[in-house]
Amino acid sequence: MALLDSVNRRDFLKTLSAIGGSVGIAPASLFANEVAPAPAWQNWSGNQQANPNQLLFPRDNDSLREAIINSTGTLRAFGGSHSFSGVVPTNDTLISLEAMAGLRSQQEDLFTWGGGTRLGMASAQAFSLGHSFINEPDINLQSLAGAIATSTHGTGSQLTSLSGQVEALTLMLPDGETLHLDQNDGDHFLAACCSVGALGIVTDITFRHQPAYRLKEHTWTLPLREAMDFVEKEKDNVRHIEFFAFPLGNQAIVKTMEITDDPQDSPAREDSNELLETICKVAMHAGWLTPSLQKLVTLFVEDSTFTAPSNVVYGNHRTVRFNEMEYTVAAEDGMACLEEVCDTLRKEEVNVFFPIEFRYVGKDDRLLSMFHERDGASLSIHQYFAQDYQPVFTPLEPILNRYAGRPHWGKIHSLGRKELAELYPAFDRFQAVRRELDPQGRMLNPHLMHLFA
């Protein structure tokens, strides 16, 4: 979410410094941190942690199988650790596929990658070989196995999530058996493409890529109502379109991306992370300034374009941590739902600087995909990691539930098996596969027990 890359930093920081001085905020107070002992594993934002009995890094399928067979208790895998929900933590055995990364094989447009391969690495290598992922999210540090496990997605009303791009995969079950799955395997394949890690460990994945392409990204600002109307009108006319809504400031940053023949690369993006960190800390310590900060930052966003290879344009460098809740509602309900969410944040005067990211995504047939048989509008709600996210997420989740929103498996939500079964049409089909492939429930940590048991 490089939403501040187009900000005129010099002018904005001058204004911000003047505001900070007028309200007596000392810069040193914004960056004071307490240092706590580090756990064996924690996710990117730090809201999930674990100290397992075993933390293993197998190098190949044989060592992975040996690790699984010799382990006891709950078995979980982790990749880039970019999930905010409790999908990873266990006190028993935690496995990383980091050493099982890289390109395994290529046959024309079919690329098979090790499950531990980071998306950014795969995307760059594919481009060097004349191919691109059909679509990508704007964070590319996830492992491919982790990304499809939670149906991680980008934006585009005609484009599916990464789970929908899977052509085949290899799954190692909790007893060490290996399954090679593709469309001919029916529900076993459709369940494994987005499984929240509840079936076993995905050791490799085959994606169908397309010929390498370049993208031109266009970023500009609009008043929030105009942005909503523009994006809803143009969602099917542009390959990628999304916007970042600042409800308290009634402004928005709009972004489109289109394939281009322009061979000239733009200068590298400026790093906006330090600026964003400063704004978040000011908002946290001086909540009464948040509406003004939301409006102010958009005033300094310059209308700009950025052209580069697809993998470069998709991926954004982020160091400012946050926690996130995301729900996907039916595409036709997206704007109405967003309006209610924005109204609630205003009425309750919730102190949150981070904007709401709004994206359209195409439907697929994966059993647990948020987009199963339904084109979706995804609302991603963020809170700075050092602030309590409950005052933001708690009043908004009931609204998302009323719109039959399906929660992103890797993001924070409070739903359990009963509610999920009503939201996901193929939930029972997935459950049948899960019980068959993991009859002892070895892949279920406490969070997954809440989801499926």
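This is a predicted model: local features need pLDDT of at least 70, side-chain atom pairs count only at pLDDT 80 or more; totals for chains, interfaces and linings use all residues.
1. Overall make-up. The protein contains 15 helices and 20 strands. Its radius of gyration is 22 Å, close to the 22 Å that the globule rule gives for 453 residues, so the protein is as compact as a globular protein of that length. Along the principal axes, the C-alpha atoms fill a box of roughly 65 × 50 × 40 Å.

2. Of the 453 residues, 61% are buried. Among contacts with a separation of 6 or more, 75% are between residues 24 or more positions apart.

3. Strand β19. This strand spans residues 376-384 and is mostly covered, with 9 of its 9 residues buried. Gly 376, Ser 378, Ser 380, His 382 and Tyr 384 point one way from β19, while Ala 377, Leu 379, Ile 381 and Gln 383 point the other way. The residues on both of these sides are all buried.

4. Partners of β19. Strand β17, residues 322-330, pairs with β19 in the antiparallel sense over 9 bridges. In this pairing, Val 329 stands opposite Ala 377 of β19. Strand β18, residues 356-361, also runs antiparallel to β19 and is joined to it by 5 bridges. Here Phe 358 stands opposite Leu 379 of β19.

Methods: Residues are numbered from 1 along each chain as its sequence is written. Side-chain values use heavy atoms; hydrogens and water are left out. Helices (H or I, at least four residues) and strands (E, at least two) are DSSP runs, numbered from the N terminus. The radius of gyration is taken over C-alpha atoms; the globule rule is 2.2 Å times the number of residues to the power 0.38. Buried means under 20% relative accessible area, exposed over 50%, partly exposed in between (1.4 Å probe, protein chains only). Contact means heavy atoms within 4.5 Å. Two strands pair if DSSP finds at least two bridges between them.
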